[in-house]
Amino acid sequence: MIQYIHPAQLSRILSDHSGHVLALVDYGKNLKELDRDEGLTMAIDLPQRGHGQLVEMWTSPHPVSICREKDVAFAFDDDILLGSIEVSQKPHVSLEQTTLTVYQNILRSITNMGYIHLARMWNYFPLINAEENKQERYQRFCVGRHQAFSEHREEFQAILPAASAIGTYGNLFQVYFVAGKIPSAHVENPRQISAYHYPKLYGTRSPSFARGTLFTMQNTLYFFVSGTASIVGHATQHIDDPREQTVEAILNIQGLVDHANKELEKEFGQDFMLDLLKVYVRNIKDTKIVRETLEEHFGMEQPVLYLEGEMCRKDLLVEIEAIFRSKSQLKCKSGSN
Ligand code: 3EB
């Protein structure tokens, strides 16, 4: 289960879930030292811009094991693995090389630990739109990531997970990911060209991610939607208009989910409901209009985490990621759980 929690309730909820916490994702450093004993702590230097502060919590109905080693940490149960890798980019080492090393590390560890199917990745690193050796840092990141996946597997496009890539205000290069023992299915958006097929205009190596990934976790089918922006085909829409960019991103998410639902209905008759939203806004001044637009579409009750962060294209003002979950849970006979 994935939930947004108010920090004031956290210690009680953590003690209720003792031994079953996979991770706490702490945007804007709200966690007290005390709250760091359960699961992995992923601390991301992006300020929250919602009405209150929230902590993202991943729990499991099964006992969770944790292992840590230098910059790498894992939390896992019998089915899924959450991983965290944090490094600082060393002077004289390119972002491309830093990314390559981190991704090689991730792909090696999921293989060794037997959770070989990547479902979702979050990439956070500073100065995403700045240039490094005459190329935008996001593009250097894409080159390193592409290289790691292509070394890992020949036809790697088919295994690429849903992802987000956001510029932070910290110093660390951080990647968080979810992987499973059973294959996940990846879904593309009919309104958008697959990112891995973007033309060279956006960088020498295309971005390695899927628009969405279906992932079974804890008897529930989840649909992880990648960071989604105001892009149709491969082109940015509504330059300088935060409201219309938000509307277009919502249309993209709806288009993707409708597409996934259609595919699934045929096989399982499943239907998704929206679970959580996370919204990245480039300029603080746009937060209000972005929030109003989201509330018009999803209502006031929808849990949303608002963050100030930079998107990978300078002309993007907002990016939205989502987690959906199937309405019907798989019915399992009681056994060990
Ligand atoms: C886009 O659609 C917007 O490089 O991992 C969204 C989600 C974006 C993930 C990534 C980039 C990434 O191209 C940018």
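Mentor: Start with Y138: an N or O atom in its side chain is 2.5 Å from an oxygen atom of the ligand. That makes a polar contact, meaning a pair of N or O atoms within 3.5 Å; within protein, one must be able to donate a hydrogen and the other to accept it, and residues adjacent in sequence count only if both atoms are side-chain atoms. Y198 also has a polar side-chain atom 2.8 Å from a ligand oxygen, and for R211 the distance from a side-chain N or O atom to an oxygen of the ligand is 2.8 Å. On its own the ligand exposes 350 Å², and the protein buries 100% of that (Shrake-Rupley areas, 1.4 Å probe).

Keep in mind that this is a predicted model: local features need pLDDT of at least 70, side-chain atom pairs count only at pLDDT 80 or more, and totals for chains, interfaces and linings use all residues. Residues are numbered from 1 along each chain as its sequence is written, and side-chain values use heavy atoms, with hydrogens and water left out.

Around the ligand there are 13 residues, with Y138, R145, Y198, R211 and C312 coming nearest (near means a heavy atom within 4 Å). α3 (137-152) and β11 (162-168) each supply at least two of the shell residues, and β11 gives the largest share, three; these elements are DSSP runs numbered from the N terminus, helices being H or I with at least four residues and strands E with at least two. By class, the shell has eight nonpolar, two polar and three charged residues, with Tyr and Cys counted as nonpolar and Gly as polar.

The ligand sits in the second largest pocket, as more than half of its atoms lie within 2 Å of the grid points. On a 1 Å grid over the protein atoms alone, a pocket is an open set with protein on both sides within 12 Å along at least five of seven lines, whereas in a cavity a 1.4 Å probe fits but cannot get out; lining residues have an atom within 4 Å of a point.

As for cavities, the structure holds three of 30 Å³ or more, volume being the space filled by probe spheres set on the points. The largest has about 80 Å³ and 13 lining residues, with V25, M42, E56, W122 and Y176 nearest its centre. β12 gives the largest share of that lining, three residues. The second largest cavity holds about 40 Å³, and its lining includes Y4, W122 and K278.
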